Amino acid sequence: MNPIIDIQNLDVAYGDNVVLESIDLQVQAGEFLAVIGPNGSGKTTLMRTILGLVDPLRGQVYVFGQQPGALGALRSRIGYVPQLMTVNFQFPVRVSDVVLMGRYGKLGLFHRPGRTDREATRRALEQVGMAELANRQIGQLSGGQRQRVIVARALVSNPDLLILDEPTTGTDAESTESLYELLHRLNDEEHLTIVLVSHDVGIVAQHVDIVACLNRRLVAHGRPAEILNSETLSCMYGDEAMLFGHGAIPHMIVERR
Amino acid sequence: MEILGYTFMQRALLASTVIGVVCAVIGVYVVLRGLSFIGAGIAHASFGGVALGVALNLNPLLTAVVFCVATALGIGTVSRRGHVSEDTAIGVFFASTMALGILIIGLQQGYNVDLFGYLFGSVLAVTTEDLVISLILALIVIGTVALLFKEFLFISFDPEMAEVVGLPVTPLYYLLLTLVAVTVVLSIRVVGIILVSALIVTPAAAAQQLTDDFVQMMILSVAIGVGASLGGLFLSYWLNIASGATMVLLATAIFFASVGFRRLRGASI
């Protein structure tokens, strides 16, 4: 079976500044992958390249067998959850309006949302447990609730691939747990392929099947227990990084200087 | 109300209502997308277009449309392609197009066009031809917004996500800038080049204080825009003061009242 995401020998640069180098990465259908790495390691850029928001300098990227720029109608098979801080929560819209926007690509230009779209909106809000706040203005929501709204917006087009960029930044521990619970359910029951980006090694290692460690290059790629060793971590975070086992869960300490 | 019997007053009423509506609708996007400065830049560029029309002996509104749309797209392109911020691009175009207008006017020998009317507006001097042009442009703007309502909402709220779901974000953005340019031109006969951006921004900004719902904001913005332009028209007629300035000051008064109202309600919305 062809991989959902197929990245071959990818380089990406902003001007002269190379942010990703020689990346080879495949994501299979049904996989739950976390891309981890320190700030500035190119994680977000990798996601933006997969989404077609950034063009590769060299190499090939295929999503559902197509280059991201040529996805056309296949775009609605991708759900994207951007970093929370990129969304303007002062904008005068309600929760259901925001979620409905996730359908606009499927709808096409000029077409107005109909009953199917509103039904999908209601279902997506139920999936994330926000149905009762559908008419709330988005500025009135807490961090965790805001997060769930933009997850619902990504789910409303019934995607096959879900991409999340730092989905737990700015949310409390309880919201983080319930988000991962939701992602596992989507992954298990609906066979959604999930790729998420995080700088939090500890949380990610507890929850995902496969981890890709990124620091401009792909440092390691595999099951958390196999690859999250001190060698990998020092490649990413420098020699101050230490890893110790605590039951089955790896923890990491980065010594402050 | 015998003044309503005069043809010039009927034209003025119709023209004021039209710009009240169109400026208020476009203003919502301008305010929410943070395009206030680009609106002011395009407005000043229209001076170059008006001067060109005078020099070529064409209707200045028609040359101004072409000139303003070209300037809007120029600002958009330079700031997206080059290593120039949008803010800087506006600053460069703003002054240069106005300078071009001054140069063209200076080359005209003994011009007798009411340039003051274009700069500061003179609603009572609106001709039937001006009115027809304004109405056609207004229909184009309102029609486009009606057709692309959901798209303009999405690119104003979250342009990156709009691109991810597959909307043609860059063409839509240029189209929005074009609509701002057209709105500016159809308004300059009434409020003038100098003041038009205020009539675009202020009603929408006032409406933003009063609601957190997008559709409500647009309806309120139109109500405030039409109220300010018609109220300004009558006030200026009765008090014999400048009409464009009266409209803008009335809109500003409504804006401050709205800010006060929001504060009184405890900023809970």
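**Cavities in a predicted model**

The largest cavity has a volume of about 70 Å³. This is a predicted model, in which local features need pLDDT of at least 70, side-chain atom pairs count only at pLDDT 80 or more, and totals for chains, interfaces and linings use all residues. Residues are numbered from 1 along each chain as its sequence is written, and chains are lettered from A in the order in which they are written.

Me: Why is this space called a cavity?
Reply: On a 1 Å grid over the protein atoms alone, a cavity is a set of points where a 1.4 Å probe fits but cannot get out. The structure holds two cavities of 30 Å³ or more.

Me: What makes up the volume of about 70 Å³?
Reply: Grid points are joined across faces, edges and corners, and the volume is the space filled by probe spheres set on the points. About 40 Å³ lies in the second largest cavity.

Me: What makes a residue part of the lining?
Reply: A lining residue has an atom within 4 Å of a point. For the largest cavity 14 residues line the space, and A:S76, A:I78, A:G102, A:S157 and B:V165 lie nearest its centre.

Me: Which element gives the largest share of that lining?
Reply: β5(A), with three residues. Strands are DSSP runs (E, at least two residues), and helices likewise (H or I, at least four), numbered from the N terminus.

Terms used
Side-chain values use heavy atoms; hydrogens and water are left out. On a 1 Å grid over the protein atoms alone, a cavity is a set of points where a 1.4 Å probe fits but cannot get out, and a pocket is an open set with protein on both sides within 12 Å along at least five of seven lines; lining residues have an atom within 4 Å of a point.
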